[in-house]
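User: I have a model open and want to learn how to read its features. Can we go through them one at a time?

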Amino acid sequence: MADLLQRSIRLAPQLGVERATALSSDDLDQLCEAAAAAIIEGGGFGWVRPQPRPVLEAYFRGVLLVPERMLFLARMDSVVVGSAQLVRPPRNNEAQAFSATLAHAFVAPYARGHGLARRLITRVEETAAATGVRVLNLDLRETQAAAIALYEGLGYACWGTHPAYAQVDGSVVAGRYYFKLLGRAPRAAKG
Ligand SMILES: CC(C)(COP(=O)(O)OP(=O)(O)OC[C@H]1O[C@@H](n2cnc3c(N)ncnc32)[C@H](O)[C@@H]1OP(=O)(O)O)[C@@H](O)C(=O)NCCC(=O)NCCS
């Protein structure tokens, strides 16, 4: 029994999530590897076709430069295996300053099923709430069953669908739009 317990403790992967404000060359390499594997497996976070490595590297480097975007990394046994982004509205959009979008979340196929995505999304929510975000929005293809179960399990409410949301391999795919209130709902306007 003690031996079994010891073995399962040893086998359980170490999971971690963090906000990245810089990427070491190892982190960037692992992030691109994870993204490439997830794209090949079916995408679901924007990309549809496999991308050359320099394109992925330039993309993630670029994400770090956008003031409205925060990049979060998911690690398994210290290796970057997934990411998500918290996107705030541009400064001129005062009317929606209380909201943000959760975008481009993925976990590499070789790291799925360990609860890492739930941790990642929870961390994004906590950071969003701590920076004053009251409503978190997201949208996805209606074919993304795993992601739909993930978000609905975390309390996201589906408020609408879009019949022509995305195009994948020449076919139009419908999409779903979700929101989640973080803390108290914003007050409704009078009148
Ligand atoms: C969706 C995704 C991020 C889940 O990653 P993951 O680390 O395997 O997810 P977790 O292990 O944290 O699972 C959390 C919950 O998600 C749901 N889920 C995860 N994988 C699932 C699957 N294959 N089928 C059904 N539900 C699934 C379950 O509700 C699960 O909770 P449970 O384990 O208590 O049943 C991953 O499959 C992925 O990257 N998919 C492609 C990209 C994508 O769809 N991104 C989201 C849109 S932006």
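User: Take the strand pair S6 and S7. How many bridges join S6 to strand S7, and do they run parallel or antiparallel?

Analyst: Strands of a sheet pair through backbone hydrogen bonds, either parallel or antiparallel. This is a predicted model. In it, S6 and S7 (residues 171-181) run antiparallel, and eight bridges join them.

User: Next, helix on helix. At what angle do H2 and H3 pack?

Analyst: Two packed helices are described by the angle between their axes and the distance between the axes. For H2 and H3 (residues 53-65), the angle is about 115° and the axes are 10 Å apart. The crossing is right-handed.

User: Which residues meet there?

Analyst: From H2 come Leu-28, Leu-31, Cys-32, Ala-35 and Ala-36. From H3 come Arg-53, Leu-56, Glu-57 and Phe-60. By class, this contact has seven nonpolar residues, two charged and no polar.

User: On to the ligand. How many residues surround the ligand, and which are the closest?

Analyst: The ligand is surrounded by 22 residues. The closest are Gly-44, Arg-112, Ala-117, Ala-146 and Leu-150. By class, the shell divides into 13 nonpolar, seven polar and two charged residues.

User: Which elements each supply at least two residues of that shell?

Analyst: Strand S4 (99-107), helix H4 (116-130) and helix H5 (145-153) do. H5 gives the most, with six residues.

User: Last, the whole chain. What does its secondary structure come to?

Analyst: The protein chain has five helices and seven strands. From the N terminus on, the elements run α-β-α-α-β-β-β-α-β-α-β-β. The radius of gyration is 18 Å, close to the 16 Å that the globule rule gives for 191 residues, so the chain is as compact as a globular protein of that length. Along its principal axes, the C-alpha trace spans about 65 × 45 × 30 Å.

Note on methods. Residues are numbered from 1 along each chain as its sequence is written. This is a predicted model: local features need pLDDT of at least 70, side-chain atom pairs count only at pLDDT 80 or more; totals for chains, interfaces and linings use all residues. A residue is near a molecule or strand if its C-beta atom, placed from the backbone, lies within 6 Å of it. Helices (H or I, at least four residues) and strands (E, at least two) are DSSP runs, numbered from the N terminus. Ala, Val, Leu, Ile, Met, Phe, Trp, Tyr, Cys and Pro count as nonpolar, Asp, Glu, Lys and Arg as charged, and the others, Gly among them, as polar. Two strands pair if DSSP finds at least two bridges between them. Axes are lines fitted to C-alpha atoms, for helices over the stretch in contact, and angles run from 0 to 180 degrees between N-to-C directions. A crossing is left-handed if the near helix is turned anticlockwise from the far one by less than a right angle, and right-handed if clockwise. Two residues are in contact if their C-beta atoms, placed from the backbone, lie within 7 Å. The radius of gyration is taken over C-alpha atoms; the globule rule is 2.2 Å times the number of residues to the power 0.38.
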